Amino acid sequence: MGVVRQLIGTMILAATAHATPLQCVERYLGAHAEQRGGAWVAVLADGTALPYDRGVRSAAERLDDPAIKDIFATRYHTGPIKPVTDENEDPGRARVEALYRAAYPESKLVKATFMGHPVQVNDQVAPALARIAARVGKDPALAPFFAKLGGSHNDRVIAGTTRQSAHAWGIALDLNPALSHYWRWSKAGWQNKIPQKIVDAFEAEGFIWGGRWYHFDTMHFEYRPELLDGSCYP
Ligand SMILES: [Zn+2]
């Protein structure tokens, strides 16, 4: 029954223009996509229906109270690190809180060790961190960036906002704050010291990096595999 419903749902999705983001929300974030009253919604396990599309919205609206579609409004690009100069270039900063809270619940937090430091993260994130440590741990030039961590799980809001931080879901990790730059502390615009090798290692495991944002936060890595899968964008 469930399988049939899922198959039909997938076929319907494949026939619509808005197919891919919702399919990715199903694949990566465990919500169920369906059509209600002519509009697509992502339904959580507790029955909450989240709208796919809320029409044309400003960048501020997309950030403060995003629809599913808004998560994918700005494409996340990997590759050579470069300064971000477009003030709307913040791929991944729009997060539908209820969606991520359901996908990464508190009950799935686990204790792990990353580069010698205790961390608390979601159980999908822990094995990804272990693979990253295996890749970057052998390079002594990278060690200072992991000498101290800014933090992992932390049930808090984003500084200066009422929005829940990805740290609250155990999907974010901050590297050494002493070697990092944050837009709120900077008067000089985009700056960065985090090496390409570290960024590449995290991105290869499904993490986005806060250094790809105009509102940069270069110590910040966040597990968002749905944004690193090119097929997820409309
Ligand atoms: Zn962070």
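Analyst: In this predicted model, phenylalanine 114 and phenylalanine 146 are both buried.

User: What makes their aromatic pair edge-to-face?

Analyst: The planes of phenylalanine 114 and phenylalanine 146 stand at 75°, and an angle over 60 degrees counts as edge-to-face. Their centres are 5.8 Å apart, and a pair requires centres within 6.5 Å. Phenylalanine 114 belongs to strand β4, whereas phenylalanine 146 lies in the loop between α6 and β6, 32 residues apart.

User: Why is the pair of phenylalanine 207 and tyrosine 223 called edge-to-face?

Analyst: The planes of these two rings meet at 65° and the centres are 5.4 Å apart, so the pair is edge-to-face, the threshold being over 60 degrees. The pair joins strand β7, with phenylalanine 207, to strand β8, with tyrosine 223.

User: How do you know whether phenylalanine 207 and tyrosine 223 are buried or exposed?

Analyst: Buried means under 20% relative accessible area. Phenylalanine 207 has 0% relative accessibility and therefore counts as buried; tyrosine 223, at 11%, likewise counts as buried.

User: Which residues do ring pairs link into a cluster?

Analyst: The cluster consists of Tyr104, Phe114, Phe146, Phe202, Phe207, Trp209, Phe221 and Tyr223. Across the whole structure, 11 aromatic pairs are found.

User: What makes β2 and β3 paired strands?

Analyst: Pairing requires at least two bridges, and three bridges join β2 to β3, which run antiparallel. In one of them, valine 43 has alanine 49 of β3 as its partner.

Note on methods: Residues are numbered from 1 along each chain as its sequence is written. This is a predicted model: local features need pLDDT of at least 70, side-chain atom pairs count only at pLDDT 80 or more; totals for chains, interfaces and linings use all residues. Side-chain values use heavy atoms; hydrogens and water are left out. Helices (H or I, at least four residues) and strands (E, at least two) are DSSP runs, numbered from the N terminus. Rings of Phe, Tyr and Trp (its six-membered ring) pair if their centres lie within 6.5 Å; planes under 30 degrees apart count as stacked, over 60 as edge-to-face and the rest as tilted. Buried means under 20% relative accessible area, exposed over 50%, partly exposed in between (1.4 Å probe, protein chains only).
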